[in-house]
Amino acid sequence: MRRKAGKFSIVDLLQGLRTSRGAAWFAVGAMMGASILLVRLSLNELNEVQARSYEDGSAKVNLTEGTAGTKEKDARLSPSLGSIAAQGGEKSAIGEETATKEQDALEHLVVRVYLTKQKRIESVPLETYVRGVVAAEMPIGFELEALKAQAIAARTYMVRRMVQGNDSGVPVKGADVTDTTEHQVYISLSALAEKWSGDEQKSNIGKLNDAIEQTKGIIITYQGEPIDAAFFSTSNGYTENSEDYWQQKIPYLRSVASPWDQAISPKYKETVKLSLKDFYSKLGLSKKQASKLSIRVIEKTEGNRVSKIAIGETTLTGREVREKLGLASSQFIWSIKGNIISITTYGYGHGVGMSQWGANGMAEAGASAEDILTHYYSSVQVEQASKLPNLVASHS
């Protein structure tokens, strides 16, 4: 998942709606009309998916049904997350009147996802999009609190992108994101309905729905703004400072310990073998440069990954070596035997932000979604984004 930093002001977003009472009533009417249309479209999409499941002979699944009993079992939520967790259909603890006034503005947002293989745009409500990202980006067997942390990170990424009006990396007009690692991997409605079958389908869809419903409208902010919620698969024991992998120093993307990954992630350690000829060729080194067989690490990052490495007379960054050789991580060691170089990596991914396997390790140890997020993202708030009316008006 690639990430770029940016900035916006919620104050600026709200300013435009404060011009007159008439403008405010107009905005309310527009949002209500858009909401009705969105509900109809969403229901039509769900019915189409269910109809397709019948034609394929697979079991019918209710994509809006949660796992029975899961919400009661998860009553140990922290205050900020617990305030929005639905319990048996009851109103949340903030009370009916307050809940009405602070109705989640994000529920009206529509995300337009370009499905790269099908070459078409799928328009879905934000929370449906978040569910598709969680299903694609994190194993369904992970703990619910880890899935919830992933849901909040995915939602934050999309909200930030929409607020900024950022459509970078999208190959067609009219789409907000793609379904690839260029943005966030996403499973479409039809693909999600076919991902599992029978009891497994009902259980997994229910678990996904619980992760979304129990975090509905929650995002991660730093100084009042949604963060660049970077995440990756597996750490080497530490995450990276943003400037050690990218160029920009971001205050909430700091290196922190992640000791859980080594014990539980199957991607923690990997060894690949290359001929020396391929090794030098992929690194773009000439025969003359390759003739001086010398490899040494010059500098390491705070997260214990390779920062700079000298190969012959050429100096490369750890990121350059990782990307050119297709390595799992920029922490690596090597050994040479004959004309073969063996490279062993530790961790999987760029290392910036939340480690997914680390998040699951924290959840297994009893940490909440908020605990996970505030560990991997420094000095942030995990809170409701319920007052973005201008955002709703421009994307519904």
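**Helix packing and aromatic pairs**

The structure is a predicted model, in which local features need pLDDT of at least 70 and side-chain atom pairs count only at pLDDT 80 or more, while totals for chains, interfaces and linings use all residues. Residues are numbered from 1 along each chain as its sequence is written, and side-chain values use heavy atoms, with hydrogens and water left out.

The chain holds 17 helices and 14 strands, assigned as DSSP runs numbered from the N terminus (helices, H or I, at least four residues; strands, E, at least two). Of its 396 residues, 51% are buried (under 20% relative accessible area with a 1.4 Å probe and protein chains only; exposed is over 50%, partly exposed in between).

Two packed helices are described by the angle between their axes and the distance between the axes. Helix α7 (residues 144–164) and helix α15 (residues 356–364) have axes that come within 7 Å and cross at roughly 135°; axes are lines fitted to C-alpha atoms, for helices over the stretch in contact, with angles from 0 to 180 degrees between N-to-C directions. The two helices are therefore oblique to each other (angles under 35 degrees are roughly parallel, over 145 roughly antiparallel, 65 to 115 roughly perpendicular, the rest oblique). In this contact, Glu145, Ala146 and Gln150 of α7 meet Gln356, Ala359, Asn360 and Ala363 of α15. By class, the contact of α7 with α15 comprises three nonpolar, three polar and one charged residues (nonpolar: Ala, Val, Leu, Ile, Met, Phe, Trp, Tyr, Cys and Pro; charged: Asp, Glu, Lys and Arg; polar: the others, Gly among them).

Helix α7 also packs against helix α16 (residues 369–376), the axes coming within 8 Å and crossing at roughly 55°. This pair, α7 and α16, is therefore oblique as well, and the crossing is right-handed. Glu145, Ala146, Lys148, Ala149 and Ile152 in α7 meet Ala369, Ile372 and Leu373 in α16. The residues of this contact divide into six nonpolar, no polar and two charged.

Eight aromatic pairs were counted, pairing requiring that ring centres of Phe, Tyr and Trp (its six-membered ring) lie within 6.5 Å, with planes under 30 degrees apart called stacked, over 60 edge-to-face and the rest tilted. The rings of Phe142 and Trp357 have centres 4.7 Å apart and planes at 75°, so the pair is edge-to-face. Because Phe142 lies in the loop between α6 (126–137) and α7 and Trp357 in helix α15, the pair ties together parts that are 215 residues apart in sequence. Both Phe142 and Trp357 are buried. For Tyr222 and Tyr252, ring centres 5.4 Å apart and planes at 55° give a tilted pair. Distant parts of the chain are linked here, with Tyr222 in strand β4 (residues 218–222) and Tyr252 in the loop between α10 (242–245) and α11 (261–264), 30 residues apart. Tyr252 is buried, with a relative accessible area of 7%.

Ile340 lies in strand β12 (residues 340–346) and is partly exposed at 37% relative accessibility. Ile340 and Leu276 are 64 residues apart in sequence, yet 5.6 Å apart in space, C-alpha to C-alpha. With neighbours within four places in sequence set aside, the contacts of Ile340 are Lys273, Leu274, Ser275, Leu276 and Ser335.

Methods: Contact means heavy atoms within 4.5 Å. A crossing is left-handed if the near helix is turned anticlockwise from the far one by less than a right angle, and right-handed if clockwise.
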